[in-house]
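Subject: Structure for your review

Dear colleague,

Please find below the structure that I am handing over to you.

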Amino acid sequence: MRIDCKHVWEHISAYIDGEVDAELRAEIDRHLETCEICSAVLDSTRNVVVLMADDRVFELPAGFSQRLHERLEKELELAGP
Amino acid sequence: MTTASNPEFEADCIRRILAGEKQLFHDLIRPSERAIYFLLLSLLRNEAEAEDAAQETAIKVYLNLAKFRGDSQFRTWVLSIARNEGLGRLRKQGSRREDSLDAEIDEGSGDYTPAILTSWREVPSEALERKELGGLLRKAIKGLPAIYRNVVLLRDIEEMDVRETAAALGITEGAVKVRLHRARALLQRELAPRLKGFAPQRKGLFGWGA
């Protein structure tokens with residue numbers, strides 16, 4: 001059975017995460033060989049996922065850790081476990 | 001970057017903290033700091049509030065440490081405390097329901113058609129040196145509906161697995177996958193047309209060759 005583009009889009013996230021079964025993966029791969037739109041959709045989605053995971057995108061506020069541990073320190077002095 | 005959990009280190013630490021070596025708590029909580037903060041930022045959408053809630057969370061974790069049973073990962077347990085802290089604050093603010101993690105929306109609704117492109121040139125992570133790229137990504141993620149934003153944050157930004165994400169958010173693994181899929185589709189649609197400008201240009205070509 002030849003799957004259509006919409007069907008491929010429905011599984012893109014699972015495909016990226018390696019969570020589609022072998023049969024579906026093979027169908028999607030066959031589709032991607034001849035469909036430049038789905039290939040571009042897949043590549044751009046994967047690119048977005050990779051970029052989001054970069055620590056430079058979401059950085060803790062400056063001094064966050066220091067302030068957290070200072071507050072904890074005060075609490076540790078007060079409280080018993 | 002994510003810090004792999006180390007159950008043996010955690011269990012040892014907890015035993016010793018409970019036995020009186022309080023100072024070890026700093027080391028125990030440190031690997032979870034980022035995830036605590038960004039989960040709370042995702043919920044509360046305010047940096048100062050998220051930071052205060054993160055501090056409260058860490059203190060609650062400490063005070064309740066004896067209750068940790070080790071039947072989930074430590075970080076998962078910590079994140080469920082963070083989530084409760086965040087939800088409690090949202091409730092106090094009388095926040096709109098759709099901003100709550102508990103919000104039920106029709107999972108079947110919405111248009112998840114991606115941005116249609118005929119070619120894609122990869123944007124390398126070095127492009128993040130340009131501040132506006134990070135800004136674009138943050139803005140797009142911030143603009144997601146809350147239930148999607150939380151899942152993206154834990155799965156794709158903190159790189160937690162499906163199981164841990166589900167446990168931390170109190171939803172099923174199936175819901176994590178569905179929401180992640182929707183979130184990525186929304187992000188692709190929003191970002192792909194803009195990200196093209198960050199891809200390396202081919203020499204001698206202006207614009208975006210096919």
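A cavity is taken here as a set of grid points where a 1.4 Å probe fits but cannot get out, and its lining residues have an atom within 4 Å of a point. Please note that the model is predicted.

A search of the whole structure finds 1 cavity of 30 Å³ or more. The volume of the largest cavity is about 40 Å³. Its lining consists of A:Val8, A:His11, A:Ile12, A:Tyr15, A:Ile28, A:Leu32, A:Cys38 and A:Leu42. Two or more of these residues come from each of helix H2 (12–16), helix H3 (22–34) and helix H4 (36–52) of chain A. By class, the lining of the largest cavity has 7 nonpolar residues, 1 polar and no charged.

The largest pocket holds about 510 Å³ of space. Its lining comprises 22 residues, and A:Val57, A:Phe58, A:Glu59, B:Glu47 and B:Arg138 lie nearest the centre of the pocket. Helix H3 (33–44), helix H6 (131–142) and helix H7 (146–157) of chain B are the elements that give two or more residues to this lining. The largest share, 5 residues, is supplied by H6(B). In the lining of the largest pocket, 10 residues are nonpolar, 3 polar and 9 charged.

I turn next to a helix pair between the chains. Helix H5 (residues 64–78) of chain A packs with helix H4 (residues 47–63) of chain B at an angle of about 40 degrees, and their axes are 10 Å apart. H5(A) and H4(B) are therefore oblique to each other, and H5(A) passes H4(B) in a right-handed crossing. Among the residues that meet are A:Phe64, A:Arg67 and A:Leu72 in H5(A) and B:Glu51, B:Ile59 and B:Tyr62 in H4(B). This contact has 8 nonpolar, 1 polar and 6 charged residues.

A further pair lies within chain B. H3(B) and helix H5 (residues 74–92) of chain B pack at an angle of about 25 degrees, with 9 Å between their axes. Angles under 35 degrees count as roughly parallel, and H3(B) and H5(B) are therefore roughly parallel to each other. Their crossing is right-handed. The residues that meet include B:Ala35, B:Leu39 and B:Leu43 in H3(B) and B:Val78, B:Ala82 and B:Gly86 in H5(B). The contact of H3(B) with H5(B) divides into 11 nonpolar, 1 polar and 3 charged residues.

With kind regards

Technical notes. Residues numbered from 1 in each chain as written. Chains lettered and ligands numbered in written order. Predicted model: local features only at pLDDT ≥ 70, side-chain atom pairs only at ≥ 80, totals over all residues. Heavy atoms only, no water. Axes fitted to C-alpha atoms, helices over the stretch in contact; angles between N-to-C directions. Helix = DSSP H or I, 4+ residues; strand = E, 2+ residues; numbered from the N terminus. Parallel < 35°, antiparallel > 145°, perpendicular 65-115°, else oblique. Left-handed = near helix turned anticlockwise from the far one by under 90°. Contact = heavy atoms within 4.5 Å. Nonpolar A, V, L, I, M, F, W, Y, C, P; charged D, E, K, R; others polar. 1 Å grid on protein atoms, 1.4 Å probe; cavity = no way out; pocket = protein on both sides within 12 Å on 5 of 7 lines; lining within 4 Å. Points joined across faces, edges and corners; volume = space filled by probe spheres on them.
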